[in-house]
Amino acid sequence: MLGVEPGKLSTYSNLLKFAIKPAFDEVNRLAEFHAAFEPVKIGRKVGAIKIAWALKGPRISARLMPRCAGSLPQRKLPRKIKSCR
């Protein structure tokens, strides 16, 4: 998954730096939609990653983002992923 060989990038910080962020940066640069992610912590560890997306464009508002977010629960999103720009 994400072009990562099994056994490589075993820590979350390395996975984030070398696989997740570059993948999301590329999607946001090339796609017709904006994608964002949020780590879900279980204690001090990251247990999952929530993914949200929305169409790019001036008519998309921040309040539409949760509706576009697939199966994410309806809650306030962090400030860094409210914008669909």
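Phe-24 is buried, with a relative accessible area of 14% (buried: under 20%; exposed: over 50%; partly exposed: in between; 1.4 Å probe, protein chains only). This is a predicted model, in which local features need pLDDT of at least 70 and side-chain atom pairs count only at pLDDT 80 or more, while totals for chains, interfaces and linings use all residues. Residues are numbered from 1 along each chain as its sequence is written, and side-chain values use heavy atoms, with hydrogens and water left out.

Start with the layout. The protein chain holds one helix and two strands (DSSP runs numbered from the N terminus: helices H or I, at least four residues; strands E, at least two). Along the sequence, the pattern reads α-β-β. The protein chain has 85 residues, and 25% of them count as buried.

Now return to Phe-24. What does a search of the whole structure find in the way of aromatic pairs? It finds one. The partners are Phe-24 and Phe-37, 4.9 Å centre to centre with 50° between the planes, which makes the pair tilted (ring centres within 6.5 Å, Trp by its six-membered ring; planes under 30 degrees apart are stacked, over 60 edge-to-face, the rest tilted). Phe-24 lies in helix α1 and Phe-37 in strand β1, so the pair ties together parts that are 13 residues apart in sequence. Phe-37 also counts as buried, at 16% relative accessibility.

Next come the strands. Strand β1 (residues 33-42) pairs with β2 in the antiparallel sense over 10 bridges (pairing takes at least two DSSP bridges). Glu-38 stands opposite Lys-50 in β2. The two strands form a hairpin with two residues between them. In the turn, Gly-43 has a positive phi of about 70°.

Strand β2 also holds Ala-54. Is Ala-54 buried or exposed? At 1% relative accessibility, Ala-54 counts as buried. Ala-54 and His-34 are 20 residues apart in sequence, yet their C-alpha atoms are 5.4 Å apart in space.

Then look at the surface. Val-27, Phe-33, Ile-49, Ile-51, Trp-53 and Leu-55 form a nonpolar patch there, with about 490 Å² of accessible area together. Areas use the Shrake-Rupley method with a 1.4 Å probe, and for residues only the protein chains shown count as cover. Strand β2 (residues 45-55) gives the most to the patch, with four residues. Ile-51 sits in this strand, partly exposed at a relative accessible area of 40%.

One backbone detail remains. Leu-9 lies in the segment before α1. Its phi is near 50°, a positive value in a residue other than glycine. Most residues other than glycine have a negative phi. Leu-9 is partly exposed, with a relative accessible area of 26%.

Conventions:
Patches are made of residues with over 30% relative accessible area and no salt bridge: like charges are joined within 9 Å, nonpolar side chains (Val, Leu, Ile, Met, Phe, Trp, Tyr) within 5 Å. A salt bridge is a side-chain nitrogen of Lys or Arg within 4 Å of a carboxyl oxygen of Asp or Glu.
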